Amino acid sequence: MKNTNRMGYPGGFPHYLILTFSLMFSYPALGADAAVLLAGADAQRVESLLGKCDRCHGDAGVSDDPEIPHLVAQSATYLLKQLQHFKAGERDGGRMNKMIRKLDEQQLADVAIYFSSKSLPAQGGVTPLAAPALVKTGDAGRNIDACASCHGDDGQGKLDQYDAPALAGMPLTYFASSLSSFADESRKSDVNGVMGKVAKALSDSEVDELARYYLALGGRAPME
Ligand code: HEC
Ligand code: HEC
């Protein structure tokens, strides 16, 4: 966030506004309200909330349940967007929705900032697998773009590709179930339907192979 001079703000410009503008500048897809919430977020305030998340998402946001995603090492903007979708009932997360409804928008931004700054530790005993062709080259015949073009070469996620989340180390069952919710359009949080298009084209055995490949990539560092 050091583009204040480049953007030519006068020296006395309020600091929080500069942060807000630079967040909007970095993430053009982000609404002004989300940028303001993240600029005002405070990871120190989350202590009392973490116990609620740990119950399902594991200790410190590192899941040990194959059906439940890790929360760490995703971008704050991605996490906040998903939480807002759960709160609004636009994404069905089962028990997630009910719990999130009790939190206010600023609390959602606080937990998003908190988890985005943590790493996902590498799992021991996981052997890396060769990347399926879909990862690096996609399949032009079926109009499937390479996963890596959006999710990064090592599944680390890419802010400048629709804020595509990190996939490295993602729990197996959650990986497959998130793809089926894009395919049946019960999850429509993907801008321009980019994931719906991909998920509809994949066979079950391709999903299974991709899930195993990404899980075996292991840990990941924070995205921002
Ligand atoms: C009762 C269990 C439960 C609790 C408690 C819970 N979650 Fe979840 N959460 C889930 C499930 C299940 C999913 C996957 C939903 C789906 O399949 O789409 C999920 C998904 C998410 C996602 C989406 C992740 C992604 O990769 O898209 C975020 C973000 C999230 N939870 C944050 C939180 C936070 C923050 C808390 C604590 C304030 C919390 N959850 C508490 C069960 C829970
Ligand atoms: C054009 C960009 C693009 C391509 C290509 C793409 N993705 Fe995605 N993917 C996204 C975005 C953006 C999201 C998050 C959508 C949202 O905001 O909910 C996503 C979400 C996902 C998720 C859910 C992650 C979570 O935490 O819930 C999985 C799994 C996934 N993609 C797998 C794949 C696989 C496998 C491929 C290749 C076969 C692929 N994607 C190709 C952009 C892309």
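**Close-up views of a predicted helical model**

View 1. Once the neighbours within four places in sequence are left aside, Phe86 is in contact with Arg91, Gly93, Met96, Asn97 and Ile100.

**View 2. The shell around ligand 1.** Around ligand 1 there are 21 residues, of which Cys53, Cys56, Pro69, Gly93 and Arg95 come nearest. Two or more residues of this shell are given by each of helix H3 (47–57), helix H4 (76–87), helix H5 (95–101) and helix H9 (172–183), and H3 gives the most, with six residues. By residue class, the shell around ligand 1 divides into twelve nonpolar, six polar and three charged residues. Domain 1 (15–116) and domain 2 (133–217) both give residues to the shell, and therefore ligand 1 lies between them.

**View 3. The largest nonpolar core.** In soluble globular proteins, nonpolar side chains tend to be buried together. The largest nonpolar core of this model holds 48 residues, and those touching the most other members are Leu38, Leu79, Leu80, Ala109, Ala112 and Tyr214. Among the elements that give two or more residues to this core are helix H2 (32–39), H4, helix H6 (105–116), H9 and helix H11 (204–216), with H6 giving the most, namely seven residues. Each of domain 1 (15–116) and domain 2 (133–217) supplies at least three residues to this core.

**View 4. Ala112 and the residues it touches.** Not counting residues up to four places away in sequence, Ala112 touches Leu38, Ala41, Ala76, Leu79, Leu80 and Leu83. Of these partners, Leu38, Leu79 and Leu80 are listed together with Ala112 among the residues that touch the most other members of the largest nonpolar core.

**View 5. The chain as a whole, for orientation.** The secondary structure of the chain comes to eleven helices and zero strands, so that the pattern read along the sequence is α-α-α-α-α-α-α-α-α-α-α. Of the 224 residues of the chain, 33% count as buried. Among contacts in the chain with a separation of 6 or more, 66% are between residues 24 or more positions apart.

Notes
Residues numbered from 1 in each chain as written. Chains lettered and ligands numbered in written order. Predicted model: local features only at pLDDT ≥ 70, side-chain atom pairs only at ≥ 80, totals over all residues. Near = placed C-beta within 6 Å. Helix = DSSP H or I, 4+ residues; strand = E, 2+ residues; numbered from the N terminus. Nonpolar A, V, L, I, M, F, W, Y, C, P; charged D, E, K, R; others polar. Domains from an automatic or database assignment. Buried ≥ 20, exposed ≤ 12 C-beta atoms within 10 Å, placed from the backbone. Contact = placed C-beta atoms within 7 Å. Core = buried A, V, L, I, M, F, W, Y, C linked by C-beta atoms within 7 Å.
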